[in-house]
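Please open the model in your viewer and keep a selection panel at hand. The stops below say what to pick next and what is to be found there.

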Amino acid sequence: MTCTYCFKVFHGGGIHRMKQHLAGVTGSVTSCPNVDPAVRLAILTCLQENDKKSKEKRGDFGVESPFGQPVHEFVGDEVQEVPPPRIREISMNEAGTSLGKGKRKTTAPTGIHAFFKGGRDSAQPTIKACLQSKDKWQNTDMAIALWFYDACIPINAVNSPFFQKAIDQIASMGHGYKAPSYHSLRVTLLRDAKKDVQLVVDSFRNTWAETGCTIMGDGWKDSRQRPLINFLVYCPKGISFIKSIDASDIVTNAENLCNLFAEIVEMVGSKNVVHLVTDNASNYKAAGTLLNERYPTICWSPCAAHCINLILKDIGEMGTVKSLVALAATVTVFVYNHKYVLNWLRKTNGWREIIRPGETRFATTFIALKSLHDHKDSLQALVTSGDYKKFLKMNKGKEVKQIVLDDRFWNNCLITVRIMGPIIRLLRVCDTDERPSLGYVYEGMFRAITGIKKLFRSSERLYKPYIDIINDRWDRMLRKNLHATAYFLNPAFQYDTATFSTHPEITNGLLDYIESKVDWCSVENLTREIGMYREREGSFGRKLAILTSKKDRPENWWKLFGCDAPNLQKLAIRVLSQTASSSGCERNWSVFERIHTKKRNRLEHQRLNDLVYVHYNLRLQYRHNQQKRSYDPVDYESIDKTEFWVVEEEQEGELDYEELEEELEELPIHGQCSNSEQLEG
């Protein structure tokens, strides 16, 4: 006997709802009061079996929480190593036997190369993934998120090129995969990863042999005050981290440093090394001289970026600049020390934070002046508003108002940053590791000097203090035969007859370099080929060679058009493929700091070295595929332009040459005169 609802369900709800009605499934339909208990049990059992099969098809295996067991269920703090699943032990040959007869076996990439090509396409989800419910996706995402939050992993770790690869590999393993243990990550997997990364670094050896390479060395102290020395190798394909040495037990004198450099030279290959770049400390300089005696074909030079930073430091210590920076610092410190003032400025349209100088990056002093000048209108609006009246009761508040409303202060800021424009542009050229920069140092320094002279309309009385500082650093640190040779062999300069320097220093530097560093061909052949190159004979005289001399990278230009002068071609490629700076070493310190934090400062040096080795060199495979800068990192033609980073075109009128001499007169020392006298130009 059926109830009235049975008739409605059967005709309106379908067979499945009828079964739920008879089985008494709560929450879906009303239970039938007339059904036999045995029949109800049989139907309920049938529904439960069908539901279980449906979940298995969807990949839901009945795990109540995707995050595993609660924390209170763990006993003790020791990490127990879980033996890896059997699936890990299946070899490629065993996997191949599962293929049907007549089907071709495919060998999957192994080691680190499996991360770079092949494998499952992460952009194309599987059918199984598409059929998962929204709750399943949410639970999986939440499991990953909670792991990030619990372990304090930086959120930008998801931008790692290996993050999605790791997720894909886990998904391909299927249910039951157990993550590697603490010991495996710390020891065995790190050792295996280092071996795989070593293969990536070794693949660069062919490039080192063809184009030559530069060894970069720099020292620092970690959080435990251990003196460490990093060694990296530069070539046009990228920078490779070789090793880090703990110099705690080593006296870093010239002889010991030379022995360390010699060890790296032997690892890289003495025939492959063209250039050694370090900082300009006296012990490194002496070590470079000793290394040159041991390996006559290797040149040493100080880091060009470091030398330019020292030029900026020397200029920043000039009386006029120092007084101007002190006034600018007064304004900046006042703004950031008063919450109300800072919030008022932040509410203005288009507000961006004022850049403040760094302690060791001397270019930031002048960039900070430029940043303050950009905020001129906002600051003047602040000090003339009614909201600022309460700050006029303070002496500092009055002083800041007088500074901000003084036009001479703003014009001095503008003039100073214009003077520094060419030097900072040269610093950007030398500091890049995207393109070899050695071939641009000589021309860049010349253009920086020319740009400053143009700004002062060749008035020697005005430009001489700045040019003397530049020449002093240039003569003592960067005037090397290697730089002169790179300048001569750069077709962008050689074939620009209007600007190419014919100073004897260039030719003498080239000949000295050939006589002392070239041992793989006769000087007579090189001299003859130099004449061909200079007179544009043979392949050098092609119309295409002249047209592309400024557009192509110089080392690539020589590969294409230097075929009629094979000896000079080899020399030019090896010289023009080098970097002028050891900035890559300094950027590598940030890698050490991320890995060797205060919480992890008990890492023994070898493991620290291995972690940095793997981390830094993994990026070699991706470095050239990443988005490039929107500007040319070696834009030498703009070095002598003084407005490239300072002002927009409509602000050109603020620099009137007739007023320049008055505006550049020495400012009095900050704090030794009244505020009104202090701002007199």
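Begin by selecting Lys464 and Asp468, which are four residues apart in helix H20 (residues 460–478) and are therefore separated by about one helical turn; helices here are DSSP runs of H or I with at least four residues, strands are runs of E with at least two, and both are numbered from the N terminus. The side chains of Lys464 and Asp468 meet in a salt bridge, with 2.8 Å from N to O, the term being used for a side-chain nitrogen of Lys or Arg within 4 Å of a carboxyl oxygen of Asp or Glu. Lys464 is partly exposed, at a relative accessible area of 39%, and Asp468 is partly exposed as well, at 37%; buried means under 20% relative accessible area, exposed over 50%, and partly exposed in between, with a 1.4 Å probe and protein chains only.

Before going further, note that this is a predicted model, in which local features need pLDDT of at least 70 and side-chain atom pairs count only at pLDDT 80 or more, while totals for chains, interfaces and linings use all residues. Residues are numbered from 1 along each chain as its sequence is written, and side-chain values use heavy atoms, with hydrogens and water left out.

Next, look at other salt bridges, of which a search of the whole structure finds 17. Select Lys559 and Glu210, whose closest N and O atoms are 3.8 Å apart in a salt bridge. Lys559 lies in helix H26 (residues 554–561) and Glu210 in helix H9 (residues 205–211), so this pair ties together parts that are 349 residues apart in sequence. Lys559 is partly exposed at 38% relative accessibility, and Glu210 is partly exposed at 48%.

Then select Lys271 and Asp519, which form a salt bridge at 3.9 Å from N to O. Because Lys271 sits in the loop between helix H10 (254–268) and strand S4 (273–278), and Asp519 in the loop between helix H23 (504–517) and helix H24 (523–535), the pair ties together parts that are 248 residues apart in sequence. Both Lys271 and Asp519 are exposed. To finish with charged groups, select Asp475, Arg479 and Glu505, which are linked in a network of salt bridges.

Now display the strands. Five of them form an open sheet of mixed pairing, in the order S3-S2-S1-S4-S5, where two strands count as paired if DSSP finds at least two bridges between them. S3 and strand S5 (299–302) stand at the edges with a single partner strand each, so one side of each is left without a neighbour in the sheet. From one strand to the next, the twist averages 25°; axes are lines fitted to C-alpha atoms, for helices over the stretch in contact, and angles run from 0 to 180 degrees between N-to-C directions.

Within the sheet, select strand S2 (residues 227–235), where eight of the nine residues are buried. Strand S1 (residues 213–221) pairs with S2 in the antiparallel sense over eight bridges, and Ile215 stands opposite Val233 in S2. S2 also pairs in the antiparallel sense with strand S3 (residues 238–246), over eight bridges, and the bridge partner of Phe231 in S3 is Lys243. S2 and S3 form a hairpin with two residues between them.

What touches Trp558, not counting residues up to four places away in sequence? Its contacts, meaning heavy atoms within 4.5 Å, include Leu489, Pro491, Tyr533 and Phe540. Of the 103 residues in the largest nonpolar core, Ile315 and Trp558 touch the most other members; such a core is a set of buried Ala, Val, Leu, Ile, Met, Phe, Trp, Tyr and Cys residues joined through side-chain atoms within 4.5 Å. Helix H18 (residues 407–431) gives the most to this core, with 13 residues. A second, separate core of 44 residues includes Val233, Ile239, Ala262 and Leu276.

End at the cysteines. The structure holds zero disulfides, a disulfide being a pair of cysteine sulfur atoms within 2.5 Å. Cys307 is in none, and the nearest cysteine sulfur, that of Cys303, is 6.8 Å away. Cys307 is buried at 1% relative accessibility, and Cys521 is buried with a relative accessible area of 18%.
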